[in-house]
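These notebook entries record what I looked up on helix packing and aromatic pairs.

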Amino acid sequence: MAEVVKMPKMSDTMTEGVVAKWHKKVGDKVKSGDVLAEIETDKATMDFESYQDGVLLYIGIQEGSAAPVDAVIAVLGKEGEDYKALLEGEGNTAAAKEEKPAEDKKPAAAEESKPAATAEKSASAKPKVDTSSIPATVIRMPLLSDTMTEGTIEKWNFKVGDKVKADDSLADVATDKATMEVVGYEEGTLLYIGVKEGEAAKVNDIIAIVGKEGTDIQPLLDNADGADGQASAPATQEEKPAAEAASAPAASNEAQGSTADDSRVKASPLARKIAKEKGINLNDVKGSADGGRIIKKDVEGFTPSAKPAESAPAAQGASAPAADKAPITLPTFTGEEKFSERPVTQMRKAISRRLSESLFTAPHFYVTMSIDMDQAIAARTKMNDIAPVKISFNDFVVKAVAVALRQHPAINSSFQGDTIRTNQHVHVGVAVAVDEGLLVPVIKFADGKSLSHISAEVKEFAGKAKSKKLQPAEMEGSTFTISNLGMFGVDEFTAIINTPNACILAVSGIQQVPVVKNGAVVPGNIMKVTLSADHRVVDGATAAAFLQTLKSLLEEPVRLLI
């Protein structure tokens, strides 16, 4: 009889797994003990063995896809056996249960939509005010940055009743990134201010109305959500030609940059104002902002000598200074913005979840101490002459930490909510970097093991971690954790506590620095270590005392052999 194969729970924290690779395909014969697939959990990628004989009739999860624990991933049975009824019994029943409430909700949703539709009909049936004939335009809070949701009016440059021009800066608005000018792009009288100085308004909210003096603006306010700005545009545009015709002779040079057309000069309103006061044609000014936009400093720094000389006498040599002061033109460099994305692995999800919980739940504090490693360097050299395996500085740290934990049991503790657990055994977790993230194999009863034993065990675990052969039992039960980045030449860093541990030790590289010994400055080999501690369990004095013991053990490593 056919049997379903479900996603196994391969670690205590596993909620779903990813099928990294299938070792069998549909139609293959499978024996008990055969590796069916490689399953990626939140801790490692592990082999999944079959516990029955038969033919692989069905594969429910493709390689690279995830499935929750206990979900059907395959079916084993006799060749040609009908397994569809089995799938329906396992999976489709649950799916039907999920679909049924959805179907039951449809009539309700339809009934709910009826009032909404009725409301829309009534709203549409309600006579709307025609704002197209109103000679005024609504000014809304503009979107001044890609992340802006609202803006604060820091200052109004005009008051109600003032005459404004199309390029005038109506107000200064503080966004989430900077304070910027808001231009109305309309000419007329400021009829209404909707937001006071210091108050905020959401993007697209009405902040002002500009139009013909004496205009009744109440219909525009009542129709605040409508397309009032566009509806009033024809009326405003009808008045513009007359106004422009009257001012054209006096402002023919300024018209080149007074609107937002792409064919016109790009400049800030403040820059336009200063240029107008100085009588500078913006076509002669080179902009330094993004896209060649002209800003205040460009106009203030512009000298008439940069323009074509109109009446400069040749005898005075005015062209020579102008050539000396010509601005430096930088070449335009255009790059390509691009990026790549990859899915978050189960291991990275687990790391993200656990470390976020640790950092935002446990109140961390940090204590740093410098350790003189001269004696440890000399002892390691002598030990490696006779040791069966090569001993590293990390092995010295693991052993020293284990011995120090025996003397400071408060560091070897964990917060349990209503209680604090003090561990009598010493299990030291050693963080190992792998391609997918970080694994922490555990050296159990490290205080009772020799340096050679610790060295051999750490090397074995590191090899298993990189070849994805590390078992969950080998990564559980730590009472203290070490994170060593010394091999990367790191001067100093802090680490996030690996809960439920109360502490983690960040180990940096050994640096050759000047030190004072016996009153003289001599070369020294200094290693900095930083203890991250959970303040719910450990106090500052306790952490400092632990580091003092660790320092004394590493500075006199013969004590590790006692």
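Entry 1. I worked from a predicted model. I looked up Tyr58 and found a relative accessible area of 25%, so Tyr58 counts as partly exposed.

Entry 2. I then searched for aromatic pairs and found 2 in the structure. In one of them, Tyr58 and Tyr83 are tilted, with 5.6 Å from centre to centre and 35 degrees between the planes. I placed Tyr58 in strand E6 (residues 54–59) and Tyr83 in the loop between strand E8 (72–77) and helix H1 (84–125). The two residues are 25 apart, and their pair links distant parts of the chain.

Entry 3. I turned to Phe480 and Phe546, which also form a tilted pair, at 5.7 Å centre to centre and 50 degrees between the planes. Phe480 belongs to strand E24 (residues 480–484) and Phe546 to helix H12, so this pair ties together parts 66 residues apart in sequence.

Entry 4. I followed helix H12 (residues 540–555) to helix H10 (residues 393–407): their axes come within 9 Å and cross at roughly 135 degrees. H10 is therefore oblique to H12. I noted the crossing as right-handed. On the H10 side, the contact is made by Phe396, Val397, Ala400, Val401, Val403, Ala404, Leu405 and Gln407. H12 contributes Phe546, Thr549, Leu550, Leu553 and Leu554. I recorded the classes in this contact as 11 nonpolar, 2 polar and no charged residues.

Terms used
Residues are numbered from 1 along each chain as its sequence is written. This is a predicted model: local features need pLDDT of at least 70, side-chain atom pairs count only at pLDDT 80 or more; totals for chains, interfaces and linings use all residues. Side-chain values use heavy atoms; hydrogens and water are left out. Axes are lines fitted to C-alpha atoms, for helices over the stretch in contact, and angles run from 0 to 180 degrees between N-to-C directions. Helices (H or I, at least four residues) and strands (E, at least two) are DSSP runs, numbered from the N terminus. Angles under 35 degrees count as roughly parallel, over 145 as roughly antiparallel, 65 to 115 as roughly perpendicular and the rest as oblique. A crossing is left-handed if the near helix is turned anticlockwise from the far one by less than a right angle, and right-handed if clockwise. Contact means heavy atoms within 4.5 Å. Ala, Val, Leu, Ile, Met, Phe, Trp, Tyr, Cys and Pro count as nonpolar, Asp, Glu, Lys and Arg as charged, and the others, Gly among them, as polar. Rings of Phe, Tyr and Trp (its six-membered ring) pair if their centres lie within 6.5 Å; planes under 30 degrees apart count as stacked, over 60 as edge-to-face and the rest as tilted. Buried means under 20% relative accessible area, exposed over 50%, partly exposed in between (1.4 Å probe, protein chains only).
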